[in-house]
Amino acid sequence: MTRYFTEDHEWIDVDGDSATVGITQYAQGQLGDIVFAEVPAAGATLKKGGDAAVVESVKAASDVYAPVSGTVIDSNAALEGDPALVNSDPEGEGWFFKLTLSDISELNSLMDAAAYKAFVDGL
Amino acid sequence: MREEDEFELEPIEILELPLDAWHRDKGARMVEFAGYHMPIQYEGIMAEHIWTRENAGLFDVSHMGQLMLTGDGAAEALEALVPGDISALKEGKMRYSLLLAEDGGVLDDMMITAAPMGLYVVVNGAVKWDDMGYLREYLPDEITINNMEDRALLALQGPKAVDALKRVVPGVDALYFMEAGSFFWGPKTDPEPLWISRSGYTGEDGFEISVPATHAQKLADQLCAQPEVKPIGLGARDSLRLEAGLPLYGHDMNPELEPVEANAAFAISKRRRAQGGFAGSERILEALANGPARKLVGLSVDGKMPVREGAPIFAGDMQVGVITSGGFGPSVGAPIAMGYVDAGHNAVGTALAAEVRGKRVSITVANLPFVPHHYHRKGVNA
């Protein structure tokens with residue numbers, strides 16, 4: 001399994017042609033207390049860079065973008081009852097959705113962990 | 001404006017508050033607000049909000065304008081522009097009021113206190129320069145408007161604010177809600193006078209303290225050294241005031257709306273209702289007599305998804321209003337909102353819907369405040 005990152009602070013764990021998506025530790029820190037998360041339903045088709053989910057802090061709503069194109073196969077039902085999972089474990093239990101990738105080559109444009117760390121350090 | 005002129009404009013400089021470095025030292029995340037770098041949060045909005053409701057929170061609100069109006073007849077002159085009975089204000093008493101445009105639209109909301117020197121007026125930071133220009137234009141020349149830029153403004157809010165502040169500034173516990181006075185702080189040999197009111201923007205008991213900017217850090221340090229006190233950012237200030245049902249100027253009030261629509265009819269004093277004679281009084285008194293065409297109301301929200309400013313409000317297929325403030329209420333434990341709703345649809349209990357990202361969310365017109373006020377009112381408290 002390989003983890004990639006976007007400049008919009010999503011992470012994506014890729015396993016063959018399926019993947020799990022969430023937001024990074026850095027993103028949850030910037031957003032603050034998460035009070036609501038809206039995840040896409042299974043079957044939804046996502047386009048790389050398009051709106052995929054919404055995460056709301058006390059203060060504001062933020063979009064979560066699809067790191068790659070694909071079809072949603074599952075979403076994290078636990079976020080409905082406990083949206084604070086995105087704060088406590090953003091890169092684990094606080095995942096947003098799983099999808100099957102429609103174009104694996106899109107991964108080439110994403111960052112690996114080292115590149116993402118350098119990107120965040122530069123912000 | 002010609003295009004080349006645009007490029008000659010200097011970028012607007014974001015200003016620093018007297019406590020800028022102090023906030024950063026305390027771990028604040030700074031954002032731009034009202035032309036200043038301001039702390040939005042320290043440890044987190046939720047924790048800061050709850051801390052203030054249970055203990056005491058220190059807010060730096062030095063971005064707000066502190067004006068002193070002096071000159072004979074200042075109160076009477078100001079009454080041409082506000083709907084409150086200012087000339088009847090006794091020294092040390094304060095009143096919430098509204099700065100009115102000629103057509104009765106609300107230009108700002110403000111606190112007016114009868115101070116020994118004159119009228120001490122606290123206005124919103126985002127519109128303070130406009131307010132000063134408007135006051136200068138409409139008040140007679142013999143009334144002096146002093147913008148007290150050399151003073152910082154700190155708010156200490158919460159049920160334990162009185163315990164913390166009276167240790168630092170003895171005697172402040174004698175004030176009741178909406179009273180103010182001068183108090184000495186510091187060593188007896190070289191005391192500093194502070195102007196302190198028992199007022200605030202959280203719905204809790206608390207104080208607002210006007211202090212020379214040069215002394216603001218020392219006072220903030222002394223207050224934060226009290227076990228009840230933590231610094232609180234703008235984020236929690238917003239969620240606290242929303243739960244308290246208090247409007248935010250520029251969002252819940254604007255120049256197109258008159259005070260009755262803005263749910264601020266209480267700010268129109270009895271004598272002024274009878275006599276009129278303030279900017280827009282014809283329109284405003286008409287709205288008082290016949291009811292406003294729309295009104296700012298509280299809205300409780302079904303489910304967990306917040307509805308935010310700008311979301312349209314529907315009764316069936318018909319749009320009947322718009323959300324002007326919305327978010328999550330940490331003490332309520334649910335999303336809450338305020339918005340304008342047309343007459344006929346704005347009675348408490350009316351079921352409506354807000355549209356968020358193309359989906360309808362059930363909302364209900366609710367009593368304000370969402371969280372009861374805990375003011376230290378004269379004759380009420382034990």
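Two exercises with worked solutions follow.

This is a predicted model, in which local features need pLDDT of at least 70, side-chain atom pairs count only at pLDDT 80 or more, and totals for chains, interfaces and linings use all residues. Residues are numbered from 1 along each chain as its sequence is written, chains are lettered from A in the order in which they are written, and side-chain values use heavy atoms, without hydrogens and water.

**Exercise 1.** Determine how helix α3 and helix α8 of chain B are oriented to each other.

Step 1. The axes of α3(B) (residues 45–54) and α8(B) (residues 234–243) come within 8 Å and cross at roughly 55°; axes are lines fitted to C-alpha atoms, over the stretch in contact, with angles from 0 to 180 degrees between N-to-C directions. Helices are DSSP runs (H or I, at least four residues) numbered from the N terminus.

Step 2. The two helices are therefore oblique to each other (angles under 35 degrees count as roughly parallel, over 145 as roughly antiparallel, 65 to 115 as roughly perpendicular and the rest as oblique).

Step 3. Residues of α3(B), including I45(B) and H49(B), meet residues of α8(B), including A236(B) and L240(B).

**Exercise 2.** Describe the contact of chain A with chain B.

Step 1. Chain A contributes 15 residues and chain B 17 residues, contact meaning heavy atoms within 4.5 Å.

Step 2. The rule finds 5 salt bridges across this interface (a side-chain nitrogen of Lys or Arg within 4 Å of a carboxyl oxygen of Asp or Glu).

Step 3. A salt bridge joins K59(A) to D238(B), with the closest N and O atoms 3.6 Å apart.
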